[in-house]
Amino acid sequence: MRRALLVLGAVLPLLAVTACGDAQSRSSAGAASSATGPVTVEDCAGRDVTFGTTPERVVALDGYAAQALVRLGLADKVVGTGFPAPFAADTSPHREQLAKIPVLSDKPPVTEVVAAQRPDVVVTAFSAFGGPPGSPKDADLTTMGVKGLTACMPEGGDAGGGGALTDLTPTYDYLRKLGAVFRVPDRAEQVVSELRARARAVADRAGPAGAKPRVLVLQDNPVAGQPIQTAGVNTIAHALITMAGGQSLFTDISSMHAEVSPEQVVQRDPEVIWVVTDYTFAKVRGPELVDAVKDNPLLANTTAAKRGRIVSTSQFRVSFPSPLNVDGLEQLATQMRGG
């Protein structure tokens with residue numbers, strides 16, 4: 001995992017936020033709160049990004065990033081957001097705060113729309129800029145004279161390769177990075193501590209080390225003769241399965257959206273089928289998708305189907321680094337235990 005280096009003025013010591021950043025002291029975070037010097041963070045490509053002043057006009061390309069900003073008390077700085085769909089999975093009081101943010105587009109907004117907001121920073125929970133068609137690339141931000149902040153997944157997390165993700169380090173690191181740039185590190189550390197405490201409580205309730213049910217992530221209703229959509233090990237979904245006390249059915253694939261054959265699924269025999277709903281490419285969504293999976297004859301001979309262990313969570317909680325990842329973890333763990 002990349003690390004973010006925070007440079008807080010010439011007279012302050014170097015503060016490192018790493019993948020193991022839980023050792024960061026409260027005293028260092030407090031010093032950052034009062035700093036007026038430049039802050040430098042390392043982006044996902046290992047490049048330094050320096051902020052001379054605290055950003056005041058922020059565009060969030062996606063609802064996940066907006067949710068992080070709201071948790072940090074920065075809602076008033078967000079002049080617009082794209083892809084607000086994740087807001088539907090949020091809860092009070094955050095949902096009401098998110099509803100006040102101007103929506104620029106149902107999708108990540110295109111470059112021209114972003115530029116029109118005159119932002120001094122653009123943020124996204126994706127690992128890189130320019131993925132969604134028309135949305136700003138790094139070169140576009142440079143042309144605008146605007147800095148950008150992304151969430152960092154493990155190398156290969158979006159395209160294969162790299163090691164398995166087994167915790168929520170990407171989510172915690174992103175919150176800390178935003179906290180550093182906006183000079184609210186104490187608030188960021190508080191949010192991270194609260195999320196980690198909830199995650200530890202889930203781990204404490206997990207079954208014995210040897211009792212790890214095999215979990216299939218399912219993103220759409222399988223169709224005969226077509227590949228099944230699942231998720232690999234370099235994903236938030238895999239981390240949540242691990243933290244909830246399960247084991248992924250497919251530890252030999254890595255990407256967020258992978259294709260496997262129905263024969264492979266039956267052969268490996270999942271004990272739990274975790275339906276991750278609400279992907280735009282799915283033929284049906286929400287409860288309708290879950291019902292379709294329960295009735296699907298392609299899965300009827302799996303242990304999960306025979307025992308009725310088909311559970312579900314919205315992708316808005318478990319796909320990208322987001323404060324709602326722990327909500328997804330708690331939901332998955334509760335459903336896996338059948339309680």
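## The disulfide

In this predicted model, the structure holds 1 disulfide, and the two residues that it joins are C44 and C152, whose sulfur atoms are separated by 2.0 Å. The link between C44 and C152 is left-handed, with an angle of -95° about the S-S bond. C44 belongs to the loop between strand 3 (39-42) and strand 4 (48-51), while C152 belongs to the loop between strand 9 (147-150) and helix 6 (169-181), so the bond ties together parts of the structure that are 108 residues apart in sequence.

C44 is partly exposed, because its relative accessible area is 21% and the limit for a buried residue is under 20%. C152, with a relative accessible area of 11%, is buried.

Helix 10 covers residues 286-294, and its buried residues are G286, L289, V290 and V293. When the helix is seen down its axis, these buried residues fall within an arc of 100°, so they line one face of helix 10. As a general point, an α-helix has 3.6 residues a turn, so residues three or four places apart point the same way.

On the face of helix 10 that is turned away from the buried side, the exposed residues P287 and E288 are found. The buried residues of the helix, for their part, are covered by elements that include strand 10 (214-218), strand 14 (272-277) and strand 15 (310-314).

## The largest pocket

Rolling a probe the size of a water molecule over the atoms shows where empty space is left. The largest pocket found in this structure contains about 660 Å³ of space. Its lining is made up of 22 residues, and those that lie nearest the centre of the pocket are P108, F126, P132, H257 and F320.

Note on methods. Residues numbered from 1 in each chain as written. Predicted model: local features only at pLDDT ≥ 70, side-chain atom pairs only at ≥ 80, totals over all residues. Heavy atoms only, no water. Disulfide = S-S within 2.5 Å. Helix = DSSP H or I, 4+ residues; strand = E, 2+ residues; numbered from the N terminus. Buried < 20%, exposed > 50% of the residue type's maximum accessible area, 1.4 Å probe, protein only. 1 Å grid on protein atoms, 1.4 Å probe; cavity = no way out; pocket = protein on both sides within 12 Å on 5 of 7 lines; lining within 4 Å. Points joined across faces, edges and corners; volume = space filled by probe spheres on them. Arc of directions from axis to C-beta. Contact = heavy atoms within 4.5 Å.
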